[in-house]
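Subject: Structure handover

Hello,

My notes come after it.

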Amino acid sequence: MKAISEFFDRFIQSKAGRLIYPLLAPLLFGLYPSLYFYTKNATMVMIASYWRVLSVYLLLILVVYLVSLVIHKFNGLKAANAAAAFLLFFNFYGMLFTELSNANLFRVEHLTMLPLFLFLAGYSVWFLNRIKAKKAASIWRWVTLVSAVLIAITILKLIPIEVKKAQTQRAAAREQIGTVNAAAGNSPDIYYLVFDEFSGLEAMREYFNSTEVDGFKAFLEGKGFFVGEKVFGSSNHTVHQMAVRMNYNEYPYVQGDQPIWHEALANARGIAYLDAKGYTTMVFEEISMLHPTLPKIKADYLYRYNYNSGEDLGTLFDEYGMLVADTTMAYAFERLYKVGNPDDLMHHDFLFFTKERLPNLEDIPGPHFVYAHLMIPHQPFMFDRNGALVDSAFFRNWNYYEGQYIYTMKYIEELVTDILKNADPDNPPVIILQSDHGARIHEDNKELSGFPQDMLRNILFALYLPGYDTSTIAQDENPINTLPIVFNHYFGDNIPLMEPNLPGVDND
Amino acid sequence: MILYLFIAPVIKDRVTIVIGKPVEVEGAQVVDSDRIRSAVNRLSEARVDGQWVYRVQGWSFITDDMDQTNYDIFLVFSNDKNFYFFETTPKKRSDIEEAYPEVEIDLTNSGFDAFIAKETIANGRYEIGMLYRNKTSGEFAYSRMDRTLVKTINDIQMEEAGPE
């Protein structure tokens, strides 16, 4: 004990120690609000959400402290007090903004309030620089002590909640495993992933001069995918195309036949076939966003776009992340991390839920057949090329298609990487990446002109078929053959394959 | 600091507000008639040319003229003290045509958008209406709606109109 005490004394007296130990005050003081909000909502929030916010806070506090050290000429205690003062204004800006706004006493706007708060924070930093060393040490001790006590009390409250949460989750997982019949065989998992309105690579290269598609193609080929660049669907209608491919039956494309396609997709032959083979069938679909009359697709598990997962979305700005951000200075930039429209929000959350869920299906007995149909890069064009949110005013502006398309490629890369990483190397999955149709940038499009009209049906077509000689697949393969190719190879079927669809300008 | 809280927003408005200002409509007569059918559906924030404004979406048509393009159409907010006229831009509304099958007028473009900078409106409760001005004769037709606009210092909302 004495040795530890001596070690600490020596550390605090050392040059490095005098700079490091004062960090404790801004660290505890800065981290407390996010911990408080997490504890208050712990029954509804996944701890992964807290870890993400915590890591951002740690980085922020470190940066603020380092800047403060420079301002205070490497006086650790004064720098720590100033950093804590800045964090006080940072952490409570959003909360005060909301309260003042609701009070309706004067006009409250970010453009005027944020500069005021930054000024007050700067003034506090300057003021704290002027106080004497003894007083600075006293302030530091109080800030540290009060923050430490608050954090300790909060953690004590949190522990029983987390224990209970873990127990409930384990019990739920056991129950779910018990209710699903064990499937037979060593068949591979099959992922049929459809990205709505994802243009064929060639059109992106030619029209948008997008060089990113080559990187995307290289990524897929590097993983072992076959990539067909001259693949065309037989129509531009989502439900028609998916009914055709899921039933490997070319329904005539006749306006007014929508009910036939709806029925065909809802009772898909391909899904029923795999169900009979002992697969657990899972559908993650957003088609019903735009086709609300589509009946429920028959599968063991059906997740529709308005599904409230209650699971971790894997994003910093999930419900909890936004709750914390809304209390801080980040609130001034809420439009960058918030989706306002409830439908858009459900879509946003569903995309992240699906991305997290698909690679992690170990709680459900395999083999799995997963049909995921996501409305991306389809409207709303809510993501820019880096995945940041676009102003909602532009969600339906085709100028934002390219950015969302580039982000979709990243989304697919991450999803594929995670699926393959978590897969059994002795029994790798089949992965099908497709779009239903290409970018439907018609001649009368308001924002974009001159898009090649014979490329509207040019689609994404990439297949990961372990053990299959993909050199036998044509560059212009008909997408109706997708499931027959898989079934013929893996189950020894002999389903006849169809001739390619030809490119052309359509009237629909 | 108190001075800042009151002066800074005024300066900000002068510098930033370009879109969503009310317009002058000379000789406008705001007397309720039953010549216009209209409704406002939505008030939402939107960014237009880099400026955040409120977008009012709705529909309207004048019942006694087959050619709707004969009119300039304004969205009106009015109360005892103030009148505000905002220009509208026509929008396609196929649902209106379906909702009024008995009307023979072409209602394809009966929808409208109006952009409102909320800072340009004084606090208070306003009646919402549509004003039609005949481009040739200058004649006015006005009709009020069953919703009101409530503007406070920091907020703007539409509410169902209460009893008279």
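Below is what turned up, by topic.

This is a predicted model: local features need pLDDT of at least 70, side-chain atom pairs count only at pLDDT 80 or more, and totals for chains, interfaces and linings use all residues. Residues are numbered from 1 along each chain as its sequence is written, while chains are lettered from A and ligands numbered from 1 in the order in which they are written.

The interface. 11 residues of chain A are in contact with 12 residues of chain B (C-beta atoms, placed from the backbone, within 7 Å). Helix 6 (residues 110-130) of chain A gives the largest share of chain A's side, three residues. Helices are DSSP runs of H or I, at least four residues, and strands are runs of E, at least two, numbered from the N terminus.

The sheet. Seven strands of chain A form an open, mixed sheet in the order 2-7-6-1-5-3-4. Strands pair if DSSP finds at least two bridges between them. Strand 2 (226-227) and strand 4 (301-304) of chain A are the edges. Strand 1 (residues 190-195) and strand 6 (residues 430-434) of chain A pair in parallel over five bridges. A:Tyr192 has A:Ile432 of strand 6 as its bridge partner.

Helix 10. In chain A, 10 of the 10 residues of helix 10 (residues 238-247) are buried, so the helix is largely enclosed by the rest of the structure. Buried means 20 or more other C-beta atoms within 10 Å of a residue's own, with C-beta atoms placed from the backbone. Its packing partners include strand 1 and strand 5 (368-374) of chain A. Just after helix 10 of chain A, A:Tyr248 takes a positive phi of about 35°.

Best regards

Terms used
Contact = placed C-beta atoms within 7 Å. Buried ≥ 20, exposed ≤ 12 C-beta atoms within 10 Å, placed from the backbone.
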